[in-house]
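Here are some notes to read with the model open beside you.

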Amino acid sequence: MADWACRKAEMSVLLQQDELGTLPDDPSPGSMQVSFSGHTLTITVTEQGKSITFAPTITYPTTGTAPFPALIAMGGISIPTPAGVAIINFNNEAMANQDSSPASRGVGLFFNLFGSDASAGAMMAWAWAVRRIMDALEQTPAARINTAKVGVSGCSRNGKGALIAGAFEPRLVLTIPQESGSGGTDSWRISDFVLSTGILTQTASEIVQENVWLSTNFNQFATTSVNKLPFDHHFIGAMVAPRGLFVIDQVGIDWLGPSSSWGAMISARAAFTAMGASDSMGISQAASHNHCAFPTSQQAQLTAFINKFLFDEQTDTNIVETAGNFTFVIPNAQFAPWSIPTLT
């Protein structure tokens, strides 16, 4: 697995350099202060004379025994709250504002600390904050959270954020992005191809005109050709391996690019397969429904992932299914012309 550790580090550098922006170093000893009162975890981080404070809140389950497993809810949670699991509510919009306008770039607590000209886009700022939440939980036994059993989830743009957090925070044991679309589980290249066939799908060139999820370093690729990128979003899914990753999607919203997500996540799953961890990654695309609604058809699958990664139960999580008529195999001559190695 040493080869994978090396390759994962390379992937991290590429993604930070060309798309997401730089993830700042962890705070130096003594530069982060944590207090806990009631259900509120108050975190203060100081860097070079500047300080910010943010305060995630914890909703505890009515069943189970402390310390509890937990899900960090990126901007709230839209999946059903699992029994026995605490929900850590994180206001990511305060950390890095994202109001679907270029004017929101560099606005938020993260940029108050690191400067409005920091290279990080909003999603990397959110990932940095999730890392600090994990630090705070480890320092605060009174919060009654089992820090070895924490996952992250979010839907839509918060699903994108959950995926980035899961890729860059190795202490998270389960990542659940829901209907995250382009900038999340979708492939930039496949989304461009889908749009070229007349299906209105969000692409990189549209995103950089509207949203500040990504670093401005990405503009050079988004406005010319994403084919020049030395990666695609299967990298981000793969970076979660071999930890738990459950991709929740649907096929009814063209803008979300379900076929693009399918191709990218089948490709990402190759990393799990190479490590002998295929059952750590699931892909489930349900039939059409309202955006961020959670259909009962995916409940048993979600429960299987929760029980395996947050409760150490033996469940069947080898899930690869779509309600769409999508096919994508590895190797794929157009988008993924490579074979799956065996990593030992």
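1. Start at Ser156, which is partly exposed, with a relative accessible area of 23%. (Buried means under 20% relative accessible area, exposed over 50%, and partly exposed in between, using a 1.4 Å probe and protein chains only.) Ser156 sits in the loop between strand E7 (145-155) and helix H5 (157-168). Helices (H or I, at least four residues) and strands (E, at least two) are DSSP runs, numbered from the N terminus. Look at the backbone here too: Ser156 has a positive phi of about 60°, although it is not a glycine.

2. A word on what you are looking at: this is a predicted model, where local features need pLDDT of at least 70 and side-chain atom pairs count only at pLDDT 80 or more, while totals for chains, interfaces and linings use all residues. Residues are numbered from 1 along each chain as its sequence is written, and side-chain values use heavy atoms, with hydrogens and water left out.

3. Gln48 is another residue other than glycine with a positive phi, near 50°. Find Gln48 in the loop between strand E2 (40-47) and strand E3 (50-54). Is Gln48 buried or exposed? Gln48 counts as exposed, because its relative accessibility is 81%.

4. Now for the cis peptide bonds. The bond from Ala66 to Pro67 is cis, with omega near 0°, and Pro67 belongs to the loop between strand E4 (57-59) and strand E5 (68-74). The bond from Ala241 to Pro242 is also cis, again with omega near 0°. Pro242 is in the loop between helix H9 (234-238) and strand E9 (244-250).

5. Next, a helix pair. The axes of helix H6 (residues 188-196) and helix H10 (residues 258-274) come within 9 Å and cross at roughly 150°. So H6 is roughly antiparallel to H10. On the terms: axes are lines fitted to C-alpha atoms, for helices over the stretch in contact, and angles run from 0 to 180 degrees between N-to-C directions; angles over 145 degrees count as roughly antiparallel. The crossing of H6 and H10 is right-handed, meaning that the near helix is turned clockwise from the far one by less than a right angle.

6. Which residues make the contact between H6 and H10? From H6 they are Ile190, Ser191 and Val194, and from H10 they are Ser259, Ser260, Gly263 and Ala264. Contact means heavy atoms within 4.5 Å. By class, the contact of H6 with H10 has 3 nonpolar, 4 polar and no charged residues. (Ala, Val, Leu, Ile, Met, Phe, Trp, Tyr, Cys and Pro count as nonpolar, Asp, Glu, Lys and Arg as charged, and the others, Gly among them, as polar.)

7. Val194 of helix H6 deserves a click. At 7% relative accessibility, Val194 counts as buried. Leaving aside residues up to four places away in sequence, Val194 touches Ile199, Thr201 and Ser259. Val194 and Asp254 are 60 residues apart in sequence, with their C-alpha atoms 9.4 Å apart in space.

8. Over in helix H10 there is Ser261, which is buried, with a relative accessible area of 1%. Not counting residues up to four places away in sequence, Ser261 touches Thr185, Asp186, Val247, Asp249 and Gln285.

9. Finally, the record: UniProt, in an unreviewed entry, lists residues 43-276 as "domain: 4-O-methyl-glucuronoyl methylesterase-like". Over residues 43-276 the chain is 35% helix and 21% strand, and the end C-alpha atoms are 38 Å apart.

Notes
Angles under 35 degrees count as roughly parallel, over 145 as roughly antiparallel, 65 to 115 as roughly perpendicular and the rest as oblique. UniProt positions are given in the numbering used here, feature names are shortened, and annotations may be inferred rather than shown by experiment.
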